[in-house]
Amino acid sequence: MTSKAQRDLVELSDLIPEAIRQIIERAKWMRQCNIPLWTTGVRHVGLIFSEPSTRTSLSFVAAAHRLGAEVLELRAEASSLCKGETLLDTAWTLESLGATALVVRDADPDTAPLLAQRCRAGVINGGGGTRSHPSQGLLDALTLIDEFGDLEGKVIGIVGDLLHSRVARSDLVVLRALGAKVVLVAPDRWQDTTLAGAGVELETDLEAVLPHLDAIQLLRIQHERFDPLEGVDPQQYLQQYQLDQRRLEMTKRSLVVLHPGPMNRGVEITSEVADGTRSRIRQQVANGVPMRMALLERAFGEGQG
Ligand code: CP
């Protein structure tokens with residue numbers, strides 16, 4: 001019998017490295033599933049996204065369909081959230097309509113833990129404030145494992161608006177669990193010194209770091225959160241941190257480029273790099289489907305343990 005805690009995914013730090021490896025292996029297996037896995041019974045996945053999303057929401061929809069589950073997708077802007085209903089009441093409503101797995105994205109990082117605590121459904125955090133985006137961290141790791149086979153000793157740079165990035169925080173957990181070293185590169189204003197620790201370095205000089213990296217993950221400036229440009233000059237940021245072709249040529253020839261999306265072309269990354277041969281950005285998006293199939297299977301308590 002799978003416990004509720006084994007079905008929820010709120011933070012990657014709740015998982016031991018072996019559990020992370022098992023989910024990644026299951027996602028690899030899911031790629032081969034070309035017919036729905038579940039052909040008996042009716043299963044519903046509830047999606048509650050109170051913040052915008054393209055990749056995460058649609059890949060959960062695709063994953064549910066590939067597994068053979070129905071989707072109850074809440075359109076937040078047209079829902080009773082607008083009339084003051086709480087996210088918890090909304091989640092309970094979706095449960096009453098049949099959802100036994102829920103995916104939630106919210107600006108408040110405490111929403112997913114609350115729903116996990118108060119709902120019977122398996123709850124997956126689809127992105128919580130600036131704190132965590134576990135399914136993104138797992139699909140990023142899968143993309144790097146596809147590239148390198150094993151991440152032990154690999155050096156992964158995460159560059160940009162670290163202060164407001166839930167992706168960076170989840171990447172950090174999964175990459176360290178898999179034995180990689182992480183270099184967090186940002187102007188002082190966007191560094192988060194609380195993230196420093198074993199296997200994690202904080203740097204401000206991108207060009208000094210580039211030759212040492214095996215992969216680089218660029219981050220979007222989170223304009224919607226606080227006033228991030230306060231203290232960071234946009235032109236100076238581009239001059240020092242944008243990944244363009246000139247900087248790409250300072251890296252190992254085997255380096256690959258990641259970006260969780262959405263990209264702001266011409267800001268943190270040029271189109272030449274984003275669409276170039278070293279880019280694995282589209283593979284990241286594609287890996288979102290098998291990874292979220294594995295997570296939904298787990299949320300339904302039907303996973304491999
Ligand atoms: N990476 C990511 O979370 O993208 P969306 O906001 O489009 O879901």
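**Entry 1**

I began at Phe 49, which stands opposite Arg 75 in E2. The model is predicted: local features need pLDDT of at least 70, side-chain atom pairs count only at pLDDT 80 or more, and totals for chains, interfaces and linings use all residues. Residues are numbered from 1 along each chain as its sequence is written, and side-chain values use heavy atoms, with hydrogens and water left out.

I then traced strand E1 (residues 44-49), which runs parallel to E2 and is joined to it by six bridges. Strands (E, at least two residues) and helices (H or I, at least four) are DSSP runs numbered from the N terminus, and two strands pair if DSSP finds at least two bridges between them. The open sheet has four strands in the order E2-E1-E3-E4, with parallel pairing. Strand E2 (70-75) and strand E4 (122-128) each have a single partner strand, so one side of each edge strand is left without a neighbour in the sheet. Neighbouring strands are turned by 15° against each other on average, direction ignored.

I next looked up helix H3 (residues 55-67), which packs on this sheet and touches E1, E2, strand E3 (99-106) and E4; contact means heavy atoms within 4.5 Å. The direction of H3 makes about 175° with that of E1. Axes are lines fitted to C-alpha atoms, for helices over the stretch in contact, and angles run from 0 to 180 degrees between N-to-C directions.

**Entry 2: the five-stranded sheet**

I found a further open sheet of five strands, ordered E7-E6-E5-E8-E9 and paired in parallel. Its edges are strand E7 (200-203) and strand E9 (256-258), each with a single partner strand, so one side of each has no neighbour in the sheet. The twist averages 20° from one strand to the next. Strand E6 (residues 181-185) pairs with E7 in the parallel sense over four bridges, and Leu 184 stands opposite Leu 202 in E7.

**Entry 3: domains**

I noted domain 1 (4-132 + 286-300) and domain 2 (134-282), with bounds from an automatic or database domain assignment. Their C-alpha centres lie 26 Å apart. I recorded 31 residues of domain 1 in contact with 27 residues of domain 2. The area buried between the domains is about 2300 Å², of which carbon and sulfur atoms give 64%; buried area is the accessible area (1.4 Å probe) that two parts lose on being put together, summed over both.

**Entry 4: cysteines**

I searched the whole structure for disulfides (cysteine sulfur atoms within 2.5 Å) and found zero. The sulfur of Cys 82 is 20 Å from the closest cysteine sulfur, in Cys 119, too far for a bond.
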